[in-house]
Number of protein chains: 2
Amino acid sequence: MTSKQNTQQKILDAAEKLFAETGFSATSLRQITSMAEVNLASVNYHFGSKKELIQAVLQRYLSLLMPRLDQEFTQLLASQHHNDLGKVLSVFVIPLLELNKVQNRGTTLFLQLLGRGYTDVQGHLRWFFNHHYGRTLDKFVLLVQQSCPALPASEIFWRLHFSLGTIVFTMASNEALKDIAAADFNEIVEIDGVIKRLIPYLAAGIAAPMQTAG
Amino acid sequence: MTSKQNTQQKILDAAEKLFAETGFSATSLRQITSMAEVNLASVNYHFGSKKELIQAVLQRYLSLLMPRLDQEFTQLLASQHHNDLGKVLSVFVIPLLELNKVQNRGTTLFLQLLGRGYTDVQGHLRWFFNHHYGRTLDKFVLLVQQSCPALPASEIFWRLHFSLGTIVFTMASNEALKDIAAADFNEIVEIDGVIKRLIPYLAAGIAAPMQTAG
DNA sequence: GTACATTTCAAACACTTGTTTAAATATACC
DNA sequence: GGTATATTTAAACAAGTGTTTGAAATGTAC
């Protein structure tokens, strides 16, 4: 019994590290099993396929993060105050940083995985996410709409996707950006620093005034 | 002589289409040569390797775009007026849209390829771009710094990378976003519409006020 | 029209991929 | 302890990858 959990755990740990570093498609099962020091066939034995392994790796974080976010969104929606956009976005900070409790560098790893999920073309991931967490996402979109009553829904749609791009790309290239910042500006930036830098940028972008003339 | 150019052209056309759709790594030479209706070996004969084919595909657009951008940047830097950030960013619009003259949907294809270049881990592309067009990029960064004198250089560094993420991600998922916008909001958005939507978002994000308290 | 260079082509190369198989081993339960 | 179940293992599988080969075909020039 302990050996089974051990093997699954070892595979998940190695997989998430390699997936975050080099993407899902570019990471082979042989790399994973070799880093986890388990037999190649054990991935298919325990998870069924590579696809299901990818989903399991993400699910470890999503099952913790999404209920917390859902709770926060529900709370904000229930309060009768006007919710400032900066406040709505700040809701993400603490739940994201608490992923570090799952394991070392959990927040960074999860956000990198999220980025890979969008840049790798893994159709099954989009379905997987919408199927499990679509409701939570809807609440968030509603909150943003309430905090930006001047913007039409379609404009918010576009700007939220622009923002998703910012997050995903930043996290996917997070390591490189940190290195450059350290070399060029003598700045040591950790993941929470990046997240807090992102908030004002995203808030300003999402709430930007509409262009008047085409 | 004509057949040689014909084959090269056919390969480039098919390659850029497939690369834009599914990324560099995920596109095989057999897919390319089959769509181009040429022999598999002709890629290696005409371009040497897959890497060099990728570079050739990008170079077809970059060699047209970058000198134009460089010229615009130089002009703006020479003028003694203060350059509004929106104005600086708008410099991209016309040169980008003129890529449509290279070929049908040239702008979209190029921007998607750019996105792929960052999301696929193609180290040689980053080197290739910096080596050929690093100088032009420096001029752009200088212009942004001049238009946002209140922001420290390190903050501008981060925000420009946030913006790069927005662009790259938006273009990589451009087709999907267009479809959703059409289905959910009855909106038909072409590439120039996306570009013009991006400008105010990016301008507001880059010029956002600094966060006062940590 | 012969001689030379360029280009095309089918076939094979060496290698990597995810997955499956069947035997060997470990674990749990009676 | 013996039996059944769960897990690990090495090996092979079929399919796909970029690249190379050498001969055939085509084009060019004198």
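**The contact between chain A and chain B**

Reply: In this predicted model, chain A puts 41 residues into the contact and chain B puts in 41 residues. About 3,600 Å² is buried between chain A and chain B, and carbon and sulfur atoms give 72% of that area. On the side of chain A, the residues that lose the most area to chain B are A:Trp158, A:Phe162 and A:Tyr201, which together make up 23% of what that side buries.

The polar part of the contact can be counted too. Between chain A and chain B there are 10 residue pairs in polar contact, with both residues at pLDDT 80 or more. The side of chain A that touches chain B draws two or more residues from each of helix 7 (106-119), helix 9 (153-172), helix 10 (174-185) and helix 11 (191-206) of chain A. Helix 9 of chain A gives the most to that side, with 15 residues. By residue type, the side of chain A that touches chain B splits into 23 nonpolar, 11 polar and seven charged residues.

Two salt bridges are counted between chain A and chain B. A salt bridge joins the side chains of A:Glu155 and B:Arg197, at 2.6 Å from N to O. B:Arg197 also meets B:Glu187 of its own chain in a salt bridge, at 3.3 Å from N to O.

B:Arg159 belongs to helix 9 (residues 153-172) of chain B. With a relative accessible area of 0%, B:Arg159 is buried. Leaving aside neighbours within four places in sequence, B:Arg159 is in contact with A:Tyr201 from the other chain, and with B:Leu151, B:Gly205, B:Ile206, B:Ala207, B:Ala208, B:Pro209 and B:Met210. A:Tyr201 has already been named among the residues of chain A that lose the most area to chain B.

B:Gln211 is placed in the segment after helix 11 (191-206) of chain B. B:Gln211 counts as partly exposed, at 44% relative accessibility. With neighbours within four places in sequence left aside, B:Gln211 is in contact with A:Lys196 and A:Pro200.

Now for the surroundings of the contact. Chain A has 11 helices and zero strands. Of the 214 residues of chain A, 50% count as buried. The C-alpha atoms of chain A fill a box of roughly 60 × 45 × 35 Å along the principal axes. Among contacts in chain A between residues at least 6 apart in sequence, 74% join residues at least 24 apart.

The largest nonpolar core has 126 residues, and those with the most contacts inside it are A:Phe19, A:Ile32, A:Leu53, B:Phe19, B:Ile32 and B:Leu53. In soluble globular proteins, nonpolar side chains tend to be buried together.

Over all chains the salt bridges come to 20. One of them pairs the side chains of A:Arg60 and A:Asp13, at 3.0 Å from N to O. A:Arg60 lies in helix 4 (residues 50-78) of chain A and A:Asp13 in helix 1 (residues 2-22) of chain A, so this pair ties together parts that are 47 residues apart in sequence. A:Arg60 counts as buried, at 16% relative accessibility, whereas A:Asp13 is partly exposed, with a relative accessible area of 28%.

Another salt bridge joins the side chains of A:Arg68 and A:Glu98, at 2.5 Å from N to O. A:Arg68 is in helix 4 of chain A and A:Glu98 in the loop between helix 6 (93-97) and helix 7 of chain A, 30 residues apart. A:Arg68 is partly exposed at 28% relative accessibility, and A:Glu98 is partly exposed at 28%.

Note on methods:
Residues numbered from 1 in each chain as written. Chains lettered and ligands numbered in written order. Predicted model: local features only at pLDDT ≥ 70, side-chain atom pairs only at ≥ 80, totals over all residues. Heavy atoms only, no water. Contact = heavy atoms within 4.5 Å. Buried area = accessible area lost by both parts, 1.4 Å probe. Salt bridge = Lys/Arg side-chain N within 4 Å of Asp/Glu carboxyl O. Polar contact = N/O pair within 3.5 Å; in protein donor to acceptor, adjacent residues only side chain to side chain. Helix = DSSP H or I, 4+ residues; strand = E, 2+ residues; numbered from the N terminus. Nonpolar A, V, L, I, M, F, W, Y, C, P; charged D, E, K, R; others polar. Core = buried A, V, L, I, M, F, W, Y, C linked by side-chain atoms within 4.5 Å. Buried < 20%, exposed > 50% of the residue type's maximum accessible area, 1.4 Å probe, protein only.
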